[in-house]
Amino acid sequence: MKRSILVVAVLLVLSLAVSASANTLTVYSSVDEENARALLNAFTQSTGIDVRFVFLSSGPALARMEAEKNNPQADVWLGAPSENHVLAKDRGLTQPYMSPNAAALDAKFYDPEGYWTSFYMNPMGVAIHTGWAERAGIEMPESWYDLLKPEFRGEIQMPTPQSSGTAYNLVASMVLAWGEDEAFDYLKELHKNIQSYTQSGTAPSQAVAIGQAGVAIQFTPAFLKLMDEGYPLKLIFPKEGVGYEAPAVSIIKGAPNIEAAQALVDWLISVEGQNKLSELKTYFFPVHPEASTGEGLPAFSDIPTIDYDALWAGDNREYLVNKWIDEVLRGQ
Amino acid sequence: MLSTPAAGRRLRPVMQDLGRLLREPWLLISILLIFAMLGIFIILPLIKVVDMSVASDGSPFEIYTNLFKSWYMRRAFTNSLLMGALSALTSVVVGFILAYTVTRVNIPFKRLIDMIAIIPIISPPFVSSLSILLLFGNNGLITYNLFGIRNFPIYGIRGLLLAQTVTFFPVAYLSLKGVLEAINPALEDAAFDLGASRWTVFRKITLPLAVPGIASAMLVVFIESLADFGNPLVLAGSAFPTLAVQAYLQITGMYDLPGGAALAVTLLIPSITAFVLQKYWVSRKSYVTVSGKPTRSTVKAVGPVMRWVLFGFAMAICVIVLGFYGVIVVGAFSKAWGFDYGFTLRNFTYVLDVGFETILDTLTVAVTSTPISGLIGMFIAFLVVRKRFLGRSAMEFTSMLSFALPGTVIGIGYILAFNQRPFLLTGTLTILVANFVFRYVPVGIQNGIAALHQIDPGIEEAATNLGANSQTVFRRITLPLISPAFFSGLVFAFVRAMTAISAAIFLVSADWNLMTVQILNQVGSGRLGAAAAFSLLLVGIIVVAIIVIRLIVDRLFGVRFETRF
């Protein structure tokens, strides 16, 4: 017994001893694992600053930052749509830094006080499984309203705005572009054709890839990635326009390595960092007007987009999501 | 026979117990140490979560009343209960039929069936839900390619029930197999000799004797299914909300930590009720008597027709389980899972490239937490069954409690409790290890207690009389005697350290990441093949680890025993 207690004690102490070392930048990344790794490696090569990161989607990242408020474990929160960074700012989890490079960006891509800076964009897209479309004799839809046709019944997957920022972006963009009544009338009609509202913002792309669903609605990177892997998908941007997200980067309040954190923000929105988005095949669109979009992606200006207001969207989130639950989902 | 604590014992002066403890300082210290650890790693996080859920400006229960004003959250609550009850029912029916077939019916391939039936226990999360889609979905191998059904409604309660049954029937199977094996066949044989029909024997003898075991298995599956969120996350969609998923989504989707905590705390009510029922009511009713290895007499139990029906049922279950895993194997080696089945190794090169450090991290976490969990489990069992001290039943209850706590509650509780001095643990290996140790130690304790009840304390008393103190008795006598329970505790701890995600997802860090979290990320970013490859590696590691653990336990105690976990 003495020995077993000793073993336990030694193991516990050992595990305590192996803890974080200083002087490397620690990043909570809501950018997916592979792209975050590629981008941050390029940053290290360019600046010599070592980076450690862990992937946490928006919710866990925010929960983590909130729980660690008194003792921040990370320096930077990378990725997640800008409205989530607005939330982090409002909750006092981040600190301002106005990068000199931000001047080159459109004003909608950074917080006027410097709390967050967007560093890439993703448009919303509709993907159709071509094998299914051929079998079912479906004409490729061109408009959001084409998706209301009966041949799409039970074939469309999209995320639910309850849990997914992607889906909320879709709802909020439609309300912004069409007005609340028309947007909700549309969503109620669309509801009849929905096979499932997924909890994760990227789940519809998997379902459409394996033919579980005929149609999927979400942001484009996972579609582009799956098409690259060989899945039979066709990507469409409905002609009325699509919303887009502009994921941002924030420096966490109390960050242990503030200079390295600022260097990362500077690099991400520099022309060099922005060009890496296409060089590394991230499928992300740059926010810097001088950066190249790269091959395989349509020029962002060719995509019909709806201008998005992250602040408005953040303020109306609870109202719109609850309205969606009560009016659209309850119809089920 | 269960040795119930005699009423007289409780009346004995506490001082006498204390006096005995003071003569053995090591025993006293280790009891205090265990209490301290249970307090820090189970009670403190729980208090933090409850505190978070009531800490608002208005009335203390404002968050709760606001949440449950919504019809959606009320539906989540009833759905959770419905789902838990239904999956408990289906899992136990499947588990019982299989267990009965394996223990009472003379059929071929018993060992094989036994092996296949426990495979889902080591199943990695999320990927099994994907294989359900690939097998039973709109484009599914079975539904579409075999039967030509295009619109099989896999989302919602049907698909979820299917997934939950496949995931949880092995839990029921294992415990019911133990129950049925423990019923002395001589009782059934006697009834046959007295001229009872097969149906009468089953209805009047076998079933009544198994009822406490069945009820217990149902409650355990109920608890596990209530807390599960991997399958519902993928298969339920928002048409069928459940509490465990909503608690997670309230935090991850609405960014509302107090609301999520409140939902998770609500989940505790049915969960702890079931736990208390299982622990203090059903398990007390056990009629099971064990004396040595049961002798088998299974020839007469079922007729020839029934025999083949049961055999067919067992085979069907095996085919479904193998189908599940077959799909994952295929996915790991395919160019585009679900579409282009051309052979490739690129998923593995990608996984080893991107995830090699994560694999090492996961192994470190599992290898560290497994022996700690195993030893603490056996030691608590030893204390609870063999020693008398103040707070003994409190120790048992607390140590078992974490089994009833949903992973989300524990995960949130851990980051809340351990992010400041004196317990500054966020981002370390310790927090992951502590989570796995205390979350999954109840299974080891349970096994240890059961094993100890079957061992005559006389052997240990003899050693004590010959001058051995408690630590020597535990190390030299008790531990070797209950080494099968020790083994199963170790295996369970390892399996869960490798596959659990609901709490761990809040605890991983830049230094310490886990394979399950990586699998979730790969699924999330559309790399299905990589997720399958990760899962396959995970299962491979677990299988190797079980063999290694077995060799080590064999070597340590020099005893051979049957694999049971």
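Reader: What percentage of the 332 residues of chain A count as buried?

Author: This is a predicted model, in which local features need pLDDT of at least 70, side-chain atom pairs count only at pLDDT 80 or more, and totals for chains, interfaces and linings use all residues. Residues are numbered from 1 along each chain as its sequence is written, and chains are lettered from A and ligands numbered from 1 in the order in which they are written. A residue is buried if 20 or more other C-beta atoms, placed from the backbone, lie within 10 Å of its own. In chain A, 55% of the 332 residues count as buried.

Reader: Which secondary structure does chain A have, and why is chain A described as compact?

Author: Helices (H or I, at least four residues) and strands (E, at least two) are DSSP runs, numbered from the N terminus. Chain A has 13 helices and 12 strands. Its radius of gyration, taken over C-alpha atoms, is 22 Å, close to the 20 Å from the globule rule (2.2 Å times the number of residues to the power 0.38), so chain A is as compact as a globular protein of its length, 332 residues.

Reader: How is helix 18 of chain B placed, buried or exposed?

Author: Helix 18 (residues 407-417) of chain B is mostly covered, with 11 of its 11 residues buried; among them are G407(B), Y414(B) and A417(B).

Methods: Buried ≥ 20, exposed ≤ 12 C-beta atoms within 10 Å, placed from the backbone.
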